[in-house]
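Please read the report below alongside the sequence and the coordinates. It moves from the overall form of one chain to the contact between chains and then to single residues.

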Amino acid sequence: MQVIEGIRRSGVGVRPEQTIREAATIMEQSGVGALAVVDGEHLVGLITDRDLVRRGMARNVPYDARIDSLMSTPVVTIDAQADLHDAFALFRTHGNRRLAVVQEGRFVGMITVDDLLINLAADLADLSRPVMAEAIFGHHDSALPATE
Amino acid sequence: MHASIGDRIVIHGHRIGEPDRDCEVLEVRGPDGGPPYLVRWGDSGHESLFFPGPDASVQHFEPTLG
């Protein structure tokens, strides 16, 4: 399974010069907890709701300050066509909960630890279904080959 | 996904009781109507780039002839 197939939510991006207040409103209205900061076609940072609180409000940064003053950079990225298991390794290595997904160098979305866990749980459910059926209903032998 | 200027994109709620969100397409930045899209959110008028995922669908608006 490719990373692009594991994305469950739409991605939202803002320009570096947009304000903290705008970013917070966009998060609220779009229902996302993290925004990509995109300058032209280039991904330059990520900003999360946690960043707004810890780096912004807690330090009395004015709400009309530029969002790039709070963003995390450089961004850990993964290619959209990479195997989903490569994302596990990156999460382990970098200890963050989100990876920016890029295709031909351009941001296309975000994949989160939650996405991976939900996909994993679905895979496990698919695998366990026949085993559970066998435990409940007993083993089903396939038919013998027909003989004349 | 393919969208045109003026289309509405609906982002469906992920949890029971979570409302759908929606935005209006102001610009199409990708080739052939593809993403990303510059969109405007609700009443605030704030604009952002939108990179659709499987939770989003487009509502096309056909122009009505007078």
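What follows is a description of a predicted model, arranged by topic.

## Overall form of chain A

Chain A holds five helices and six strands, and from the N terminus onward its elements follow the order α-β-α-β-β-α-β-α-β-β-α. Its radius of gyration is 22 Å, whereas a compact globule of 148 residues would have a value near 15 Å. Taken along the principal axes, the C-alpha atoms of chain A fill a box of roughly 85 × 30 × 30 Å.

Of the 148 residues in chain A, 32% count as buried.

## Helix 5 of chain A

Helix 5 of chain A covers residues 113-137, which makes 25 residues, and it reaches 36 Å from its first C-alpha to its last, close to the 36 Å expected at 1.5 Å a residue.

Just after helix 5 of chain A comes Gly138(A), which takes a positive phi of about 90°.

## The contact between chains A and B

The contact draws 18 residues from chain A and 16 residues from chain B. On the side of chain B that touches chain A, strand 4 of chain B (residues 46-51) gives the most, with five residues. Sorted by class, that side of chain B consists of nine nonpolar, five polar and two charged residues.

Strand 4 of chain B is also joined to strand 1 of chain A (residues 11-14) by three bridges, and these two strands run antiparallel. In this pairing, Gly13(A) stands opposite Leu49(B) of strand 4 of chain B.

## Arg40 of chain B

Arg40(B) belongs to strand 3 of chain B, which spans residues 37-41. Because it has 16 C-beta neighbours inside 10 Å, Arg40(B) counts as partly exposed, a class that lies between the limit of 12 or fewer for exposed and that of 20 or more for buried.

When its neighbours within four places in sequence are left aside, Arg40(B) is in contact with Cys23(B), Glu24(B), Leu26(B), Gly45(B) and Glu47(B). His12(B), by comparison, lies 28 residues from Arg40(B) in sequence and 17 Å from it in space, C-alpha to C-alpha.

## Backbone exceptions in the loops

Most residues other than glycine have a negative phi, and most peptide bonds are trans. In chain A, the peptide bond from Thr73(A) to Pro74(A) is cis, with omega near -5°, and Pro74(A) is found in the loop between helix 3 (49-56) and strand 4 (77-79) of chain A. The loop between helix 3 and strand 4 of chain A also contains Asn60(A), which has a positive phi of about 55° although it is not a glycine. Asn60(A) is exposed because it has 6 other C-beta atoms within 10 Å.

In chain B, the peptide bond from Pro35(B) to Pro36(B) is cis, with omega near 5°, and Pro36(B) has its place in the loop between strand 2 (21-28) and strand 3 of chain B. Asp32(B) is found in the loop between strand 2 and strand 3 of chain B, and it has a positive phi of about 55° although it is not a glycine. With 6 other C-beta atoms within 10 Å, Asp32(B) is therefore exposed.

Conventions:
Residues are numbered from 1 along each chain as its sequence is written. Chains are lettered from A and ligands numbered from 1 in the order in which they are written. This is a predicted model: local features need pLDDT of at least 70, side-chain atom pairs count only at pLDDT 80 or more; totals for chains, interfaces and linings use all residues. Helices (H or I, at least four residues) and strands (E, at least two) are DSSP runs, numbered from the N terminus. Two residues are in contact if their C-beta atoms, placed from the backbone, lie within 7 Å. The expected span of a helix is 1.5 Å times one less than its number of residues. Ala, Val, Leu, Ile, Met, Phe, Trp, Tyr, Cys and Pro count as nonpolar, Asp, Glu, Lys and Arg as charged, and the others, Gly among them, as polar. Two strands pair if DSSP finds at least two bridges between them. The radius of gyration is taken over C-alpha atoms; the globule rule is 2.2 Å times the number of residues to the power 0.38.
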